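Let's take a walk through this structure together, one element at a time. Have the viewer open and follow along as we go.

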Amino acid sequence: PRTVARADAGDLTVGGVSVADLAAEHGTPAYVLDEDDLRARCRDFRDAFADADVYYAGKSFLCKAVVRIVAEEGLFLDVCSGGELATALAAGFPAERMGFHGNNKSVRELERAVEAGVGRIIVDSFTEIDRLTAIARRTGTRPGVLVRVTVGVEAHTHEFIATAHEDQKFGFSLQGGAAFAACAKILDEGVLDLRGLHSHIGSQIFDTSGFEVAARRVLSLQEQVRDARGVELPELDLGGGFGIAYTTQDDPSAPADLAKRITKIVESECDLASLRVPKLSIEPGRAIVGPAVFTLYEVGTVKDVDGIRTYVSVDGGMSDNIRTALYDASYSATVASRASDAEPILARVVGKHCESGDIVVKDEFLPADVQPGDLLAVPGTGAYCRSMASNYNHVPRPPVVAVRDGASRVIVRRETEDDLLALDVG
Ligand code: LLP
């Protein structure tokens, strides 16, 4: 990732600010967001998918400043809870440019989305279709909806983040006929505005053939709906899931290549079936915000365990990055505050939490003289780290600090112990 390059001098600089200054001003641990990098990634997707709408998946990381950046860069926004909706609205994001996801949206959440005028609601169950239909009747509105289709693609990623195989909770099954039945129900009732179909096959995916198969299958349903009902649905959303490089082993596709492949398959399938090419949309989260952030930690202890491995403990851990423990994710780390000529040793970067699975970086070569007080940068932590952070062991969650043009600003402040106590009653 561009954000963290090992600087020759050893003192890493991002957005014109040195990590030493960042640590001095904001403390550690901290998530450091390279604002120019985030904006560049938004633009890369927007330009690559120029004929499509790019919805930033807010679940990867959302706060008001990021909502504004995404809006300024011309993206749409995918939200998946009342909380994300509230954040987006509080930042002034236009509701009609939002999509609302989730397999169990409450009646209240759906009402709020309809009241706010959310552009499209991605329906995920027959129960939800009934709920939304009732709300639309009651309020005299005609919400735009997409039907989320489970296309049966086995995405090659961790099973917890693969979403299009048959046996899981999301969407309407294509094979079992539920997806067609959902479309038919919406069309029969005529209350909701059925705009199109949606597919999301999973996350951190490198093999683009998964998207091609998904597009093909979802378009076969498009054809079926046209043949049975004489309706050509105008929109098609192929979800997010584009992988990023966490280590040098990962080799992600550039947005331009993704766009080319996806557009080509959609066009050729439509051509074969004599379908009008629907307006495409995608929902990248990780690929936009993931590489734009690194976590800055301070080393607290260094322990050599019987010559097996060196454990380098930092002042955060699984409460600010659960991904290593949860998905066996790989990260890298670098000493960011100084240069060292010491020989590299195999180290494991661990946190300060009370369990041995509290690992941030499984294996990394760090200089043998790594020591307490060193600053350690772990790149690629923009997506699903702050957004999945917890207060385990009553550790306050770190701030998010944006850097740009030699200046830093806090966009999410550090939690305090008072914040933690504020919810206790009595
Ligand atoms: N669209 C839908 C419907 C989704 O469910 C998701 C992610 C996205 C878009 C964005 O996917 P992305 O481009 O960010 O991969 N916590 C896991 C990832 C869970 C993804 C959930 N849905 C992780 O840390 O890897």
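How many of the five residues of strand S3 (residues 30-34) are buried? Five of the five are, so to speak, under cover: the strand is mostly covered. Please keep in mind throughout that this is a predicted model.

Look along S3 and you will see its residues point in two directions. Ala-30, Val-32 and Asp-34 point one way, while Tyr-31 and Leu-33 point the other way, and all of them are buried.

S3 pairs with strand S13 (residues 293-305) in the antiparallel sense, over four bridges. With strand S19 (residues 400-404), S3 runs parallel, and four bridges join the two.

The peptide bond leading from Thr-28 to Pro-29 is cis, with omega near -10 degrees.

Let's step back to the whole chain. The domain assignment gives domain 1 (13-32 + 290-421) and domain 2 (35-289). Taken over C-alpha atoms, the centres of the two domains are separated by 33 Å. Where they meet, 22 residues of domain 1 are in contact with 21 residues of domain 2. On the domain 1 side, S19 and strand S20 (407-412) each supply at least two residues. S19 gives the most to that side, with four residues. By class, the side of domain 1 that touches domain 2 has 13 nonpolar, seven polar and two charged residues.

What does the largest nonpolar core look like, and which residues have the most contacts inside it? The core has 117 residues, and those with the most contacts inside it are Val-32, Leu-33, Leu-77, Val-147, Leu-296, Leu-376 and Ala-377. Helix H8 (residues 209-229) contributes the largest share, eight residues. The core draws at least three residues from each of domain 1 and domain 2. In general terms, nonpolar side chains tend to be buried together in soluble globular proteins. For a close-up, pick Leu-77: leaving aside neighbours within four places in sequence, its contacts include Tyr-55, Tyr-56, Val-67, Phe-93 and Met-98.

Next comes a lysine with an annotation. UniProt, in an unreviewed entry, lists Lys-59 for "modified residue: N6-(pyridoxal phosphate)lysine". Lys-59 lies in the loop between strand S4 (53-57) and helix H3 (64-72). Why does Lys-59 count as buried? Because it has 22 C-beta neighbours inside 10 Å, and 20 or more are needed. Beyond its neighbours within four places in sequence, Lys-59 is in contact with Cys-80, Glu-84, Gly-285 and Ser-387.

Finally, visit two loops on either side of S19. Tyr-384 lies in the loop between strand S18 (375-379) and S19. Its phi is near 60 degrees, a positive value in a residue other than glycine. Asp-405, in the loop between S19 and S20, also is not a glycine and has a positive phi, of about 50 degrees. Which of them is buried and which exposed? Tyr-384 is buried because 24 other C-beta atoms lie within 10 Å, whereas Asp-405 counts as exposed because it has 9 C-beta neighbours inside 10 Å.

Key. Residues numbered from 1 in each chain as written. Predicted model: local features only at pLDDT ≥ 70, side-chain atom pairs only at ≥ 80, totals over all residues. Core = buried A, V, L, I, M, F, W, Y, C linked by C-beta atoms within 7 Å. Buried ≥ 20, exposed ≤ 12 C-beta atoms within 10 Å, placed from the backbone. Domains from an automatic or database assignment. Contact = placed C-beta atoms within 7 Å. Pairing = 2+ DSSP bridges. Nonpolar A, V, L, I, M, F, W, Y, C, P; charged D, E, K, R; others polar. UniProt positions renumbered as here; feature names shortened; annotations may be inferred.
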